[in-house]
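Thanks, everyone, for making the time this morning. I would like to talk through the charged side-chain pairs in the structure on the screen, and I will take them one by one.

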Amino acid sequence: MDGHVRTATADDALDVRRILDAAMLEPGNVETRIENADVLVAGDHRGGLEANDGSERILGTVVLESNDDVYGAHVSAIGVRRRHRGKGIGRALMERALEREGRLTVRFDDGVRPFYESLDFTIESIDDQRYRGVTALDRS
């Protein structure tokens with residue numbers, strides 16, 4: 001991916017909502033999650049990396065939810081703008097989330113199973129069309 005991943009700020013809320021709405025995902029109160037530093041965004045700069053004129057484009061986002069019972073976080077939602085899918089943005093978001101949290105859990109539909117398999121999630125079936133997965137950094 002050409003670009004960067006960072007923690008979302010309040011200024012990113014509209015872009016985050018638009019990405020999640022387009023993917024028909026509802027992770028709860030995005031603004032509160034942003035305030036709690038539980039949202040990451042992937043972006044790039046129009047005109048190259050030297051652009052520092054507010055021309056950043058937010059291309060994807062991941063919304064996390066803390067797991068109180070175990071370390072790590074649950075992935076509430078992940079979305080990438082349609083035109084930018086398949087370019088490593090989702091992978092970059094998940095890798096940064098895993099670096100930060102150490103362990104991730106997720107629930108997902110059959111259609112995105114290949115994505116989570118490619119990220120080495122351990123996957124088990126919930127029912128015919130839903131799955132849950134977990135991955136963790138090897139801290140040994």
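Predicted model: local features only at pLDDT ≥ 70, side-chain atom pairs only at ≥ 80, totals over all residues.

I begin with glutamate 101 and arginine 100, whose side chains meet in a salt bridge at 2.9 Å, N to O. Glutamate 101 has a relative accessibility of 18% and therefore counts as buried, the cut-off being under 20%, whereas arginine 100, at 33%, counts as partly exposed.

Next, aspartate 12 forms a salt bridge with arginine 6, and the closest N and O atoms are 2.7 Å apart. Here aspartate 12 is buried at 5% relative accessibility, while arginine 6 is partly exposed, with a relative accessible area of 22%.

Which parts of the chain does the pair of arginine 17 and glutamate 31 link? The two form a salt bridge whose closest N and O atoms are 3.4 Å apart, and this pair links distant parts of the chain, with arginine 17 in helix H1, residues 13-22, and glutamate 31 in helix H2, residues 30-35, 14 residues apart. As for accessibility, arginine 17 is partly exposed at 28%, and glutamate 31 is partly exposed at 35%.

Methods: Residues numbered from 1 in each chain as written. Heavy atoms only, no water. Salt bridge = Lys/Arg side-chain N within 4 Å of Asp/Glu carboxyl O. Buried < 20%, exposed > 50% of the residue type's maximum accessible area, 1.4 Å probe, protein only. Helix = DSSP H or I, 4+ residues; strand = E, 2+ residues; numbered from the N terminus.
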